[in-house]
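Here are my notes after a look through this one. Have the structure open while you read.

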Amino acid sequence: DSLSVKLKTLHFHQSNVHDFAWFADKNWIVRKGNLFLSDSTKKIILWSFYLPKNAELWENSIEYLHDSGLEYSRFYGDYPYNHISAVDGDMSAGGGMEYPNITVISRSGSEDLLEYVIMHEVGHNWFYGILGTNERDHTWMDEGLNTFVQSLTQREYYSDGPLRRGTAESIVNYMRMPKDMLRPIMTNSEQIAGREFGANAYAKPAAALSVLRETIMGHEIFDYSFKEYARRWAFKHPKPADFFRTMEDASSIDLDWFWNGWFFTTDHVDINLEGVSWYVLSEPKTLSDRRFRSNYVEAVS
């Protein structure tokens, strides 16, 4: 009859995903944008879904998705899926929770924090999504590698951002902890809790890779080897040895001593300060002065 509810069926399809989530809210404001990768003609659709009460905070959310997808593709290889989406959702499981193609973001106190979380969660499309590492056994292969690339991305926009400070402070705090509380990065994540878990999973591996890139391998060789690791092991569930071996094979550099010291022991870094040079940093970029602000944002509803 005329009062019958009309139903329709929607089909969603995406190849090469090992997990998924689906969200809906009739009150959402929906924004749509596009991302064209620098070395690809493929167009990726960007979506953000947020509640009216958070409209001002989420105003630039499409921009955050765009910049994150573009920058991560530089280091990991092109984003292989068709969509990148962020959902505004009240939750208590940290700042956000990632799934292939989509992330749900909890309440954020500022635009910078929202950008920070979106950037981090978009990165999880590669780790844990594309590479599919075992986070229960080796959390650092997901969180640590992702935090490292996030720190590189953060430098594109801020001379002093939350992550740049946080990584350095976290590793210093980690190294100040009592010796009996320290655990090697390679310790199974289920055997670690509290402060040492965060340091082992996020800060220390990110700091290790920063040292490797800045002082040992150099940017060009490191970036090539890191992207080669992501290319070789996409959708193959690599283990730590696969990461270590690929970085050495792609660079032709023996790094056994480095992996052993940073990942298998709790030895402190032994650094001597020989001199200090001063230089002036460029002014930090702001949310109103970003490289990619253009006409790619489209209001949907």
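1. Of the contacts in the protein between residues at least 6 apart in sequence, 67% join residues at least 24 apart. Keep in mind that this is a predicted model. The protein has 301 residues, and 48% of them count as buried. Its secondary structure comes to 9 helices and 6 strands. The accessible surface is about 16300 Å², with 52% of that belonging to carbon and sulfur atoms.

2. Salt bridges next: the structure holds 8 of them. Have a look at E228, R231, R232 and D249, which are linked in a network. E228 and R231 meet through their side chains at 2.6 Å, N to O. Both sit in helix α7 (residues 219-232), and because they are 3 residues apart, about one helical turn separates them. E228 counts as buried because its relative accessibility is 11%, whereas R231 is exposed at 57%.

3. Over in helix α1 (residues 61-76), R74 and E71 lie 3 residues apart, about one turn of the helix. Their side chains form a salt bridge at 2.5 Å, N to O.

4. N125 is worth a click. This residue lies in helix α3 (residues 125-130) and counts as buried, since its relative accessibility is 4% and the cut-off is under 20%. The N125 side chain reaches the backbone nitrogen of N101 at 2.7 Å. Leaving out residues up to four places away in sequence, N125 touches Y79, Y81, Y99, P100, N101, I102 and I130.

5. Where does helix α6 (residues 195-217) bend? The bend, about 35°, is at A203, and a proline, P205, follows within four residues. After α6 comes G218, which has a positive phi, near 85°.

6. Finally, the surface. L10, F12 and W22 make up a nonpolar patch there, together giving about 430 Å² of accessible area. W22 is in the segment before β1 (29-36), and at 58% relative accessibility W22 counts as exposed.

Methods: Residues are numbered from 1 along each chain as its sequence is written. This is a predicted model: local features need pLDDT of at least 70, side-chain atom pairs count only at pLDDT 80 or more; totals for chains, interfaces and linings use all residues. Side-chain values use heavy atoms; hydrogens and water are left out. The bend at a residue is the angle between axes fitted to the seven residues ending there and the seven starting there. Helices (H or I, at least four residues) and strands (E, at least two) are DSSP runs, numbered from the N terminus. Patches are made of residues with over 30% relative accessible area and no salt bridge: like charges are joined within 9 Å, nonpolar side chains (Val, Leu, Ile, Met, Phe, Trp, Tyr) within 5 Å. Accessible areas come from the Shrake-Rupley method with a 1.4 Å probe; for residues, only the protein chains shown count as cover. A salt bridge is a side-chain nitrogen of Lys or Arg within 4 Å of a carboxyl oxygen of Asp or Glu. Buried means under 20% relative accessible area, exposed over 50%, partly exposed in between (1.4 Å probe, protein chains only). A polar contact is a pair of N or O atoms within 3.5 Å; within protein, one must be able to donate a hydrogen and the other to accept it, and residues adjacent in sequence count only if both atoms are side-chain atoms. Contact means heavy atoms within 4.5 Å.
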